Structure formats: C-alpha cells, structure tokens
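Here is a short briefing for a reader new to this structure. Please look at the sequence and the model first.

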Amino acid sequence: MSEFFEHLELAKLLDKPAIVHCRDAHEDTARILAEHPGVRAVMHCYTMGPEELGPYLDAGLYISFSG
C-alpha cells in the first residue's frame with residue numbers, strides 16, 4: 001500500500017480533509033481518488049487545465065488555484 005493510500009484512509013478514518021498536490025501524475029491521482037470514495041480532499045495548487053478537472057469535481061473535491 002502506498003503512502004498516498006494510507007493518507008487517504010487516515011483522512012477518511014479521522015473525518016479530516018486530505019490535501020492533494022498532483023504533479024505530473026493526473027491519471028494515477030484521479031484513479032486512486034476514485035478508489036477511495038467518501039474521502040474529503042482539496043486539490044492544492046491546481047495547475048492542470050479544465051479537461052483534467054472532471055474526476056476531481058466528480059469526487060466532490062475542493063479545488064485550490066495558485067496565484
């Protein structure tokens with residue numbers, strides 16, 4: 001099990017939001033988040049385009065845009 005999995009499971013267990021920073025790993029990040037339904041999370045410093053946004057919005061995540 002990866003550390004990312006462990007962090008998502010711990011966030012769910014403690015009912016705390018996970019902070020996710022995705023860098024060059026969109027497909028893996030979207031897949032792993034889909035495998036952990038019910039996790040509350042923020043996509044931190046989102047820099048991808050609108051075409052990649054769907055899976056994160058579908059998962060109910062908040063999106064943080066960097067300035």
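Buried means under 20% relative accessible area, exposed over 50%, and partly exposed in between (1.4 Å probe, protein chains only). This is a predicted model, where local features need pLDDT of at least 70 and side-chain atom pairs count only at pLDDT 80 or more, while totals for chains, interfaces and linings use all residues. Residues are numbered from 1 along each chain as its sequence is written, and side-chain values use heavy atoms, with hydrogens and water left out.

**Residue T29**
- T29 is buried, at 8% relative accessible area.
- Helix α2 (residues 26-34) holds T29; helices (H or I, at least four residues) and strands (E, at least two) are DSSP runs numbered from the N terminus.
- Beyond its neighbours within four places in sequence, T29 is in contact with F4, V20, C22 and Y56, where contact means heavy atoms within 4.5 Å.

**Sheet**
- An open sheet of 3 strands has the order β1-β2-β3 with parallel pairing; two strands pair if DSSP finds at least two bridges between them.
- The edge strands, β1 (18-20) and β3 (62-65), each pair on one side only.
- Strands β1 and β2 (residues 41-46) are joined by 3 bridges, and I19 stands opposite V42 in β2.

**Aromatic residues**
- There are 2 aromatic pairs; rings of Phe, Tyr and Trp (its six-membered ring) pair if their centres lie within 6.5 Å, with planes under 30 degrees apart counted as stacked, over 60 as edge-to-face and the rest as tilted.
- The ring planes of Y46 and Y56 are at 75°, so this pair is edge-to-face, with centres 6.3 Å apart.
- Y46 lies in strand β2 and Y56 in helix α3 (residues 54-58), so the pair ties together parts 10 residues apart in sequence.
- Y56 is buried, with a relative accessible area of 0%.
- Y46 and F65 also form an edge-to-face pair, 6.0 Å centre to centre with 85° between the planes.
- F65 counts as exposed, at 57% relative accessibility.
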